[in-house]
4 protein chains.
Amino acid sequence: MKGRPSAPDVVRSSYAELIVTDLAKSRWFWVDVLGLHVQAETSDVLCLRGTDELTHHNLVLRRGPVAALDHIAYRVRGAADVDRAEEYFAALGRPVRRVAKGDGTPGVGDALHTVDPLGFPVEFYYDIEQAERLIQRYDLHRGAAIARLDHFNIVVPDIPAAYSHYTALGFGCSETIEDEHEMYAAWMYRKQTVHDVAFTGGAGPRLHHLGMATHESHQVLHIADILGALHAESHIERGPGRHGVSNAFYVYLRDPDGHRVEIYTSDYYTGDPDHETYRWSVHDDRRRDYWGNAVIESWYKEATPVLDLDGNVVPVSESAIDESAVRVGADGLGG
Amino acid sequence: MKGRPSAPDVVRSSYAELIVTDLAKSRWFWVDVLGLHVQAETSDVLCLRGTDELTHHNLVLRRGPVAALDHIAYRVRGAADVDRAEEYFAALGRPVRRVAKGDGTPGVGDALHTVDPLGFPVEFYYDIEQAERLIQRYDLHRGAAIARLDHFNIVVPDIPAAYSHYTALGFGCSETIEDEHEMYAAWMYRKQTVHDVAFTGGAGPRLHHLGMATHESHQVLHIADILGALHAESHIERGPGRHGVSNAFYVYLRDPDGHRVEIYTSDYYTGDPDHETYRWSVHDDRRRDYWGNAVIESWYKEATPVLDLDGNVVPVSESAIDESAVRVGADGLGG
Amino acid sequence: MKGRPSAPDVVRSSYAELIVTDLAKSRWFWVDVLGLHVQAETSDVLCLRGTDELTHHNLVLRRGPVAALDHIAYRVRGAADVDRAEEYFAALGRPVRRVAKGDGTPGVGDALHTVDPLGFPVEFYYDIEQAERLIQRYDLHRGAAIARLDHFNIVVPDIPAAYSHYTALGFGCSETIEDEHEMYAAWMYRKQTVHDVAFTGGAGPRLHHLGMATHESHQVLHIADILGALHAESHIERGPGRHGVSNAFYVYLRDPDGHRVEIYTSDYYTGDPDHETYRWSVHDDRRRDYWGNAVIESWYKEATPVLDLDGNVVPVSESAIDESAVRVGADGLGG
Amino acid sequence: MKGRPSAPDVVRSSYAELIVTDLAKSRWFWVDVLGLHVQAETSDVLCLRGTDELTHHNLVLRRGPVAALDHIAYRVRGAADVDRAEEYFAALGRPVRRVAKGDGTPGVGDALHTVDPLGFPVEFYYDIEQAERLIQRYDLHRGAAIARLDHFNIVVPDIPAAYSHYTALGFGCSETIEDEHEMYAAWMYRKQTVHDVAFTGGAGPRLHHLGMATHESHQVLHIADILGALHAESHIERGPGRHGVSNAFYVYLRDPDGHRVEIYTSDYYTGDPDHETYRWSVHDDRRRDYWGNAVIESWYKEATPVLDLDGNVVPVSESAIDESAVRVGADGLGG
């Protein structure tokens, strides 16, 4: 687009920073149960990562008064892409704030913070501390044996607007849920998997969930079994099951603040230059669960509020479309 | 009990004979999709078995006008136990019919047929044709890779009566679902697994499901994936999931006539002489699914009618208790 | 046999007591790495069990000067069977010693110790402390997720003699390795699995290995991965692999004293009264590894010495047959 | 390098074309046993792909007089990259041949064939027919459930030369095997996995193996079980096992002509811009098998000859280094 600054070269979704209200309870859930590796810890902040992650963290938990998303973060290809991010979002009329190493999230160097056109707090950075290689430290694998962060799923009232924004940022689209009139959801990627970010239609901006990758489906079953054993099965919200979209095997959990995490495994390669978007009909009951199991209502309705650059909760806009209403319509024809 | 004939020495639940209304559709489901091995086949009858079964069949499908259970069958320790079965059920005042080799189910020798005190058609036999060993024929394993029949689950209005009858037959009890007033379900065994037969409370006599054993949980996931791929996901009724009771990993499927089959794996050894019954509270949400996932209503309500010795459908009696009503009560306290 | 006392009714192989030279190192291996549950512990003795075991232990490790087998133990059906064991082995001219509760292995009640005709120290007992049910304590499953002891494998110079002794004790035979002249190995059972005891031909009496059952093959892979991660891969002697005999998936490990343990999963049901012995040709390269992988020489040659009732090492007799020599013969025709 | 044409932008390793001497036997192995999907077939050629591959093929088998590699093929980012490939290899003084759509391999459009500086026949193409999406066709998954081609492994006498050539082509290096004097092997990638191509030291140019990706480790075990069941276990050369390098779970098979294929699963993401090379010591016994299992001699010594552009076998040069000799050195210190 003539005159518009070029977009930063995003490599991948890399971490999220969540506000939690009771750090001890959160530590129980994310470390003791799920088994994430503690890379850094203070009385206010926990930096966690999966065993395949080679940088400082995939998840930052920060103590705060209200459970919320502080920001999602994308790693970019080089230091110059942080500058590009600043110019790009400034040109879009969005607030931008440069955060120097040491002033922001532990381990992260020079970063650009913005609230994107969809209302989400987003960080772009290149510089980050490297971390010890744990890929083969099977002696440390516990819980869900999480390898790395795989994706963000965000709730937005206007799916086409989200699609356009991320397309402009250079993301490809692997899959959608559609009918002849509407796009209900979309999955978009930079790294060569099904997605780095996906959009769920609903009142937004809100964070729907973080997707954490594990290597094999038995590890997804194992974390559900552990939660049953601890009589903490109420933390299991949906699944385990097979997604239609992405083909991944999954379970959705809720942390002590209600933040949702998906344990996710076995999607597919999307790196070819002409990779085509696969379009699901909203009337195909297999799109959300390939086995046709119904989606839990809370999964469609509940999500995490997001903060602006000053730490205030961003108000949400309602959505005109409702995929869950389509699902329950008579004869699969929707409402 | 003084004067009462001794019970036959039951070895295990070994096969069921189902009436199906369209044998071609049934063949598609049980052979093409689930992958059971065809041991014998005529235009009216299919004899099927799992790969670890060393006798003629685990399942007989017989063409008929009404989908129903023709009979369940227990293998006994020796030929004399067939006589004992005849005397035992005759002494109970139940109808008995001796079926000679060649007159009954293909492959089965001398057998005793009865309608037991619970109203179910049951066969006891020792003599049966041996079959080729397929345990290591991995080249033939398909679908759910079913190894053998594991158990019958029957719907009865009076759980204590079923418990008493099978206790008298020499079965042990591995697990129950109870509260301070009622027994809602029980799992009883002769072979050294959690069960050969289990009782679900409801209008009966009806057959709730056949349990078919497979070796590993990924095989349970695979059959669900296959059904999704065939757009036959409506055959998946409940699961996959982990049972609280039995600890097995499971999925429940419905065949083209609505007969229910459970693909079941990984329960535990019960062979010690003092093996204790494990008692679940009906208020523990993990009893039916260890992950707390809700049980589908149809799973509690729908079941297969059973036939008497003359092939007529046995009328059902309603049950005074309803576990599913307990489940949905406020605060888990039931209704 | 006229005049001979009847054999005790053996339920299953239930535990082994090993002498270890460094209890701390043994604890590292069996508890920290393999993940067995510590049921009781003193400065001299560790009592360990798998998660599915409902009695006091599957393995007792006792500090001593020489790494050896103190005894293998079989649980019998009732208290009277301990008396029967005493009479039975006394009638065979074998040394017998009655050990009262509190005088022997922790948790075990009245027991009979003998050195059997094959030269092995064997205990028979009925009374044993029950233990907390851990079957569903997935939060405690670690390492190889061992469920229970599955079997003993013993080295004997005379396989037919071992076969006869255990046949007389009421064991069935599930599989053998043979040629037209010799029986090279046999697998024998009381519980409804492939075996409670197996015989490997060689200088004996020695203990070849303890078989510990886990539920799924990925758990076998996981313990090998853990040992690699700890740079303790020298504890992996053979496998993982698929057995021809038994069809189980396995890995053989050596503990710090060289005691061998097999992590073993997925054999098959043998409970039918007419279960037939499956006979492997010693010339079938799949018998020991179904994938045709060569057996490590140490696996055939090394084993644990056994103690007599006074704690002295029993001298071994050489074997006239050598299955490993057959294996390496030209064209699979043996020597 | 000043004046040198820029390298083509390689997307990934995408297919190999092998000459086979008996197409029916090859079809048995690759289609009936391994389960690859037949995309196109004539009396002389078979085009096969995995279920996740969305282009025409991952493997082409062509009938010919001598078992050999016809060429390996890389997909490039756009049509212009085929021109770049032509200029690039011509500038290196290598033979180049432009092959028009319809004149070369079925399904492939405009392509550049060369013999690279390492002596290997290599094709670069962008245009290829798309194929039906089979990712979720679980009903068609058979054998090893191969998803896609993952990598080529080539035997070269001069590892640093191979490393330099592929570095110049824009490949990153994920792992190596080294000592203070030599590089014994290297793994290099364009797509975001551990490799698209790896180098094994030895007499070359020869093809060591094709790596085919599957999703989970149980699928690797399953193909070994199938080969055992078919008494075709001689096609299993090495493994199953866990690699130190790449961390993948693997098995190596040999097809009827001796061409080697690796079934490979679960490596890791390498897409970050500063992804560091992980360097294994040649003295670490876990580098080739993380469990310390010895590598079969044939795996180091045997490989597939390669053809030049006229279909003649390229003569091999001996290698000055021999990793297998290091492995068997006393005290792991090599020779």
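In the predicted model, chains D and A bury about 3200 Å² between them, with 43% of this on carbon and sulfur atoms; buried area is the accessible area (1.4 Å probe) that two parts lose on being put together, summed over both. On the chain D side, D:R133, D:Q136 and D:Y269 lose the most area to chain A, together 18% of what that side buries. Chain D and chain A each give 39 residues to the contact (heavy atoms within 4.5 Å). This is a predicted model, in which local features need pLDDT of at least 70 and side-chain atom pairs count only at pLDDT 80 or more, while totals for chains, interfaces and linings use all residues. Residues are numbered from 1 along each chain as its sequence is written, chains are lettered from A in the order in which they are written, and side-chain values use heavy atoms, without hydrogens and water.

Across the interface of chains D and A, 8 salt bridges are found (a side-chain nitrogen of Lys or Arg within 4 Å of a carboxyl oxygen of Asp or Glu). One salt bridge joins the side chains of D:R75 and A:D274 at 2.7 Å, N to O.

In chain B, 8 strands (DSSP E runs of at least two residues) form an open sheet of mixed pairing, in the order β2-β3-β4-β1-β5-β8-β7-β6; two strands pair if DSSP finds at least two bridges between them. Because β2 (37–41) and β6 (96–99) of chain B each have a single partner strand, one side of each is left without a neighbour in the sheet. β2(B) pairs with β3 (residues 45–49) of chain B in the antiparallel sense over 4 bridges, and B:C47 in β3(B) is the bridge partner of B:A40.
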